[in-house]
Amino acid sequence: MLVIHILSGSVALLTGLVALGARKGSGPHRGAGNIFTLTMLVMAISGVLIALDIPAALSAAAGTLTAYQVATAWLTVRRRENQAGRAEWAAMAFAIIAAAGCLIFGMMVARGDLTEYAAGAPIPAGTYFFYGGIALLSAVLDWTVIQRGGLAGRQRIARHVWRMGFALFTAASSFFLGQPQVFPEPVRETPFLLAAPVIIIVVLTDFWFVRVLFTRWADRP
C-alpha cells in the first residue's frame, strides 16, 4: 500500500504541475489532468488507509478532503452547464462530515488529548482547523451549486481550478514540508527548496483562478 501511495503521489505531483501550468482546455491540460485525477484519487485513498492503520488523524482527514476535492473538481467539468443532482448532495454531505472530523480533531489537540508530529514537530490545532474550514467552505459552495441548479461559464471553470489546485497544494505540502527526511541533507538545510514547489502551486492556482473569474479570458471561444 505504501508503494502504491508513493508511486501514485509522484505521478500526481508531476502531472498536476503540468495541468496547472498549461492553458486551460488545451490538449496538454486535458491529458495531464486525466492522469492527475486518477493518480490523486489512488494516492489519497491509499493514504487514508495507511493513516487509519497507523493511526494518524491529520493524514486521514487531509487525504479524505483531497479525494473529495479532486472528485468534485472532476465532476464539475464532466457535468453539463447548469446541471446539479444527487452527486452534489452526496458531495456536500461528505464535506460536512470531513469538516466535523477536522474540527473535532483540532479541539482534541487544543485540549491536549491528541498529539501528532510532522517534520519532527507537533502539529498545531490550527492545522486541523484550517482543513476543517476548507471542508466547511466547500460544503457551503456545494449548497450554492445545488440551489442555483448547477454552474455555467467562468464560475464553473473557477470551481474546477481552485479545487484541483487545493488538492495539489495538500499533496505537495504533505510531501515536501511534511516528509523532509526523505530528501538529501543539503536540500533539508535549505528550507526554501522544499517550500518552492508549494509556493509555485499556490501562485499558479491563484493566477488561473483570478484570470478565469475576473478577466475576459473565460469568454473566449
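Figure 1. At 1.5 Å a residue, the 24 residues of α5 should span 34 Å, and its end C-alpha atoms are 35 Å apart, which agrees. The expected span of a helix is 1.5 Å times one less than its number of residues. Helices (H or I, at least four residues) and strands (E, at least two) are DSSP runs, numbered from the N terminus. This is a predicted model, in which local features need pLDDT of at least 70 and side-chain atom pairs count only at pLDDT 80 or more, while totals for chains, interfaces and linings use all residues. Residues are numbered from 1 along each chain as its sequence is written, and side-chain values use heavy atoms, with hydrogens and water left out.

**Figure 2. The buried residues of α5 and what covers them.** Buried means under 20% relative accessible area, exposed means over 50%, and partly exposed lies in between (1.4 Å probe, protein chains only). The buried residues of α5 include Ala125, Tyr128, Tyr131, Gly132 and Ile134. Further along α5, Ala135, Ser138, Ala139, Asp142, Val145 and Ile146 are buried as well. The cover over these residues includes α3, α4 and α6. Just after α5 comes Gly149, which takes a positive phi of about 75 degrees.

Figure 3. Ser138 is placed in helix α5, and with a relative accessibility of 0% Ser138 counts as buried. Leaving aside residues up to four places away in sequence, Ser138 touches Tyr68, Gln69, Trp162 and Arg163; contact means heavy atoms within 4.5 Å. Gly133 also has its place in helix α5, but Gly133 is partly exposed, with a relative accessible area of 35%. From Gly133 to Ala91 there are 42 residues in sequence and 16 Å in space, C-alpha to C-alpha.

**Figure 4. Helix α4 and the glycine that follows.** Helix α4 comprises residues 86-111, and at 1.5 Å a residue its 26 residues should span 38 Å; the end C-alpha atoms of α4 are 38 Å apart, which agrees. Buried residues of α4 are Glu88, Ala91, Met92, Ala95, Ala98, Ala99, Cys102, Gly106 and Val109. Among the elements that cover them are α3 (57-78) and α5 (125-148). After α4 comes Gly112, whose phi is positive, near 90 degrees.

**Figure 5. The packing of α6 against α8.** Helix α6 (residues 153-177) and helix α8 (residues 191-214) pack at an angle of about 175 degrees, with their axes 9 Å apart. That makes α6 roughly antiparallel to α8. Angles under 35 degrees count as roughly parallel, over 145 as roughly antiparallel, 65 to 115 as roughly perpendicular and the rest as oblique. Axes are lines fitted to C-alpha atoms, for helices over the stretch in contact, and angles run from 0 to 180 degrees between N-to-C directions. The residues of the contact of α6 with α8 comprise 20 nonpolar, four polar and one charged. Here Ala, Val, Leu, Ile, Met, Phe, Trp, Tyr, Cys and Pro count as nonpolar, Asp, Glu, Lys and Arg as charged, and the others, Gly among them, as polar. Helix α6 is mostly covered, with 19 of its 25 residues buried. At 1.5 Å a residue, the 25 residues of α6 should span 36 Å, and the end C-alpha atoms of α6 are 36 Å apart, which agrees.

**Figure 6. Pro28 in helix α2.** Pro28 has its place in helix α2 (residues 27-53). Pro28 is exposed, with a relative accessible area of 53%. Residues up to four places away in sequence aside, Pro28 touches Val18, Ala22 and Gly33. Pro28 and Thr39 lie 11 residues apart in sequence and 16 Å apart in space, C-alpha to C-alpha.

**Figure 7. Two loops, with Pro55 and Asn82.** In the loop between α2 and α3 lies Pro55. The peptide bond leading from Ile54 to Pro55 is cis, with omega near -5 degrees. Asn82 lies in the loop between α3 and α4. Although Asn82 is not a glycine, Asn82 has a positive phi of about 55 degrees. At 52% relative accessibility, Asn82 counts as exposed.
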